[in-house]
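Here is a short briefing for a first look at this structure. Keep the sequence and the 3D view side by side as you read.

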Amino acid sequence: QVQFVESGGGLVQPGGSLTLVCTVSGRILSIGVIGWYRQAPGKQRELVGSFINGGSASYTDSVKGRFTISRDIAKNTLYLRMNSLNAEDTGVYYCNGIIPGSTLVLGSWGQGTQVTVSS
């Protein structure tokens, strides 16, 4: 089974930036869609953005223009660049493959990486 491991989180001030890393255990090109998710305290996990194998990405409205997903095929790695962070971006961030045409994910959820936006 493909595994996804997140890293790169930390404490950042409002307005700051952070880049998260998603390392995939298998061939990243074999996965049609990979999503970045976050779970804020007391809330359900939500899809923040997704990257499609052809190279395009989509984002939820709250992060459009601030977050960018990119991929390094050679490293089997997906990145989430987050700019202009605010307190509402605080949460645990996860990545996972998405089964096309559904909201189901390919692998088990990892431990995620904590992002805290605070002054």
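Cys22 and Cys95 form a disulfide, with their sulfur atoms 2.1 Å apart. The count comes to one disulfide in this predicted model. Cys22 lies in strand β3 and Cys95 in strand β9, so the bond ties together parts that are 73 residues apart in sequence.

**The disulfide**

- What is the handedness of the disulfide between Cys22 and Cys95? The torsion about the S-S bond is about 85°, so the disulfide is right-handed.
- Cys22 has a relative accessible area of 0%. Buried means under 20%, so Cys22 counts as buried.
- Cys95 is buried as well, with a relative accessible area of 0%.
- Cys95 also has a place in strand pairing: Trp36 stands opposite Cys95 in β9.

**The four-stranded sheet**

- Strands β1, β3, β8 and β7 form an open sheet in the order β1-β3-β8-β7. The pairing in this sheet is antiparallel.
- Which strands lie at the edges? They are β1 (4-7) and β7 (67-72), and each pairs on one side only.
- From one strand to the next, the twist averages 20°.
- β1 pairs with β3 (residues 18-24) in the antiparallel sense, over four bridges.
- Within that pairing, Phe4 has Val24 in β3 as its bridge partner.
- Glu6 lies in strand β1. Glu6 counts as buried, at 8% relative accessibility.
- How far apart are Glu6 and Tyr93 in sequence and in space? They are 87 residues apart in sequence and 7.6 Å apart in space, C-alpha to C-alpha.

**The six-stranded sheet**

- A six-stranded open sheet has the order β2-β10-β9-β4-β5-β6, and its pairing is mixed.
- β2 (10-12) and β6 (57-59) stand at the edges of this sheet. Each has a single partner strand, so one side of each is left without a neighbour in the sheet.
- Neighbouring strands here are turned by 20° against each other on average, direction ignored.
- β4 (residues 33-39) and β9 pair in the antiparallel sense over six bridges.
- β4 and β5 (residues 46-52) run antiparallel too, and six bridges join them.
- β9 and β10 run antiparallel and are joined by three bridges. The bridge partner of Tyr93 is Thr113 in β10.
- How much of β9 is buried? Seven of its seven residues are buried.

**Salt bridges**

- How many salt bridges does the structure hold? There are four.
- Arg38, Glu46, Arg66 and Asp89 are linked in a network of salt bridges.
- Arg38 is buried, with a relative accessible area of 5%. Glu46 counts as partly exposed, at 32% relative accessibility.
- Arg38 also forms a salt bridge with Asp89, where the closest N and O atoms are 2.9 Å apart. This pair links distant parts of the chain. Arg38 sits in strand β4, and Asp89 in the loop between β8 (77-82) and β9, 51 residues apart.
- Are Arg38 and Asp89 buried or exposed? Arg38 is buried, and so is Asp89.
- Asp61 forms a salt bridge with Lys64, the closest N and O atoms being 3.0 Å apart. Asp61 counts as exposed, at 62% relative accessibility.

**The nonpolar surface patch**

- Which residues make the nonpolar surface patch? Ile99, Leu104 and Leu106 make a patch of about 250 Å².
- Ile99 is found in the loop between β9 (91-97) and β10 (113-117).
- Ile99 has a relative accessible area of 32% and is partly exposed. Patch residues need over 30% relative accessible area, so Ile99 passes that cut-off.

How values were computed
Residues numbered from 1 in each chain as written. Predicted model: local features only at pLDDT ≥ 70, side-chain atom pairs only at ≥ 80, totals over all residues. Heavy atoms only, no water. Patch = residues over 30% accessible without salt bridge, like charges linked within 9 Å, V, L, I, M, F, W, Y side chains within 5 Å. Areas by Shrake-Rupley, 256 points an atom, 1.4 Å probe, with all protein chains shown as cover. Salt bridge = Lys/Arg side-chain N within 4 Å of Asp/Glu carboxyl O. Helix = DSSP H or I, 4+ residues; strand = E, 2+ residues; numbered from the N terminus. Buried < 20%, exposed > 50% of the residue type's maximum accessible area, 1.4 Å probe, protein only. Pairing = 2+ DSSP bridges. Axes fitted to C-alpha atoms, helices over the stretch in contact; angles between N-to-C directions. Disulfide = S-S within 2.5 Å.
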